[in-house]
Amino acid sequence: MTNLPSIKQLQYLIAVHQYQHFGKAATACFIGQSTLSSAIQNLEEILGCQLIERENRSLMFTDIGEEVVERARKIIDDTMSIKELTRSFKHPLSGKLTLGVIPTIASFIAAPLYLYCKQVFPDLNFVLVEDTSDNLLDKLEHGHVDMALLALPYRTERFHTQILAQDRFSLVHHKDYDAAKAVVDFNELPEHSVFLLEREHCMTGHALSACHLNRSECINPFEASNLHTLLSMVEYQNGVTFLPQMAINAGILAGKDMVVKPSQGDAYRDIGLIWRKTTGRIRDFRLFSDKVGEFIQTRCESK
């Protein structure tokens with residue numbers, strides 16, 4: 001029988017690649033450095049090629065070593081999916097499930113969503129992680145989260161996507177801000193009157209696209225890091241902004257003298273769950289998305 005690499009050896013190789021240091025990789029794998037070095041050396045002998053160039057205290061992966069690491073990650077993912085598949089079959093929606101949520105969703109539903117999931121899925125060890133879309137995609141790819149709740153469209157081609165709800169945008173301005181009262185076409189808004197979040201937040205792109213705002217002179221160069229800062233600019237009658245229905249329903253405008261003018265047509269962002277296509281927990285994730293989808297829809301309904 002052909003002498004094949006072991007799963008453990010591939011895990012050690014991935015750890016060395018992640019930490020770029022034998023000592024740190026050994027600590028992360030809870031073994032001694034000499035044990036890890038021997039395992040990597042044995043792996044190289046089995047494969048018949050050098051994967052890592054070692055010189056004093058530095059290391060560098062060879063070209064073939066880089067490719068082997070990528071293949072090793074897929075093998076580990078596939079192996080994990082087998083374990084997940086059998087566990088999901090025997091005990092649906094049990095064990096740990098880590099859900100990543102972007103800030104412009106988490107700010108308004110994280111607490112009630114957490115409580116909802118604890119009640120609906122009592123056997124699930126449910127964990128929430130808040131981060132940006134790009135960071136969550138990276139965490140999802142490397143197995144640090146199981147699913148991610150994002151605003152779409154976004155670059156999620158590598159993953160399975162399940163749309164849960166449509167979150168409509170509305171124009172928001174102070175009740176005494178006369179410049180916005182008679183506006184029908186948002187491109188007719190005054191120069192520098194539209195306040196938005198930093199470009200790192202996907203909601204900015206979604207709002208511009210959904211509301212068909214293509215006149216750049218309308219947009220104020222100030223970029224807020226969060227929605228509360230954004231609203232403070234609008235509250236002092238400096239201009240207008242666009243808010244999703246989810247934020248309005250959560251009470252972000254409570255106690256403020258604001259006017260909400262619903263957008264017409266297809267002015268919305270999709271709210272969706274994504275997960276790895278290779279996961280063995282597809283049955284679990286579909287059951288989870290069905291229930292969470294019901295919850296999300298109630299949070300996006302106009303009232």
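Is F30 buried or exposed in this predicted model? F30 is exposed, with a relative accessible area of 78%; exposed stands for over 50%, buried for under 20% and partly exposed for values in between (1.4 Å probe, protein chains only). Residues are numbered from 1 along each chain as its sequence is written. Because the model is predicted, local features need pLDDT of at least 70 and side-chain atom pairs count only at pLDDT 80 or more, while totals for chains, interfaces and linings use all residues; side-chain values use heavy atoms, with hydrogens and water left out.

**Figure 1. Loops on either side of helix α2.** Helices are DSSP runs of H or I with at least four residues, strands are runs of E with at least two, and both are numbered from the N terminus. F30 is found in the loop between α2 and α3, and Q20 lies in the loop between α1 and α2 (22–28). Most residues other than glycine have a negative phi. F30, although not a glycine, has a positive phi of about 60 degrees. Q20 is likewise not a glycine and has a positive phi of about 50 degrees. Q20 is partly exposed, its relative accessible area being 40%.

**Figure 2. The crossing of helices α1 and α3.** The axes of α1 (residues 7–19) and α3 (residues 33–47) come within 9 Å and cross at roughly 110 degrees. Axes are lines fitted to C-alpha atoms, for helices over the stretch in contact, and angles run from 0 to 180 degrees between N-to-C directions. The two helices, α1 and α3, are therefore roughly perpendicular to each other, a term for angles of 65 to 115 degrees. The contact (heavy atoms within 4.5 Å) involves Q9, L10, Y12, L13 and V16 of α1 and L36, A39, I40, N42, L43 and I46 of α3. Nine of these residues are nonpolar, two are polar and none is charged; Ala, Val, Leu, Ile, Met, Phe, Trp, Tyr, Cys and Pro count as nonpolar, Asp, Glu, Lys and Arg as charged, and the others, Gly among them, as polar.

**Figure 3. The nonpolar cores.** A nonpolar core is a set of buried Ala, Val, Leu, Ile, Met, Phe, Trp, Tyr and Cys residues joined through side-chain atoms within 4.5 Å. The largest core has 74 residues, of which L99, I109, L149, L189, F242, F288 and I296 touch the most other members. Helix α5 (residues 103–120) supplies the largest share of this core, seven residues. A second, separate core of 21 residues includes F22, A26, L36 and V68.

Figure 4. Most peptide bonds are trans. The bond from L152 to P153 is cis, with omega near 10 degrees. P153 is found in the loop between β5 (147–152) and β6 (159–174).

**Figure 5. H173 and its surroundings.** H173 is found in strand β6 and counts as buried at 1% relative accessibility. Residues up to four places away in sequence aside, H173 touches A180, K181, V234, G239, V240, D257, M258 and V259.

**Figure 6. Helix α7.** Seven of the nine residues of α7 (residues 202–210) are buried, so this helix is largely enclosed by the rest of the structure. The buried residues are C202, M203, T204, H206, A207, L208 and A210. H212, which follows α7, has a positive phi near 55 degrees.

Conventions
Parallel < 35°, antiparallel > 145°, perpendicular 65-115°, else oblique.
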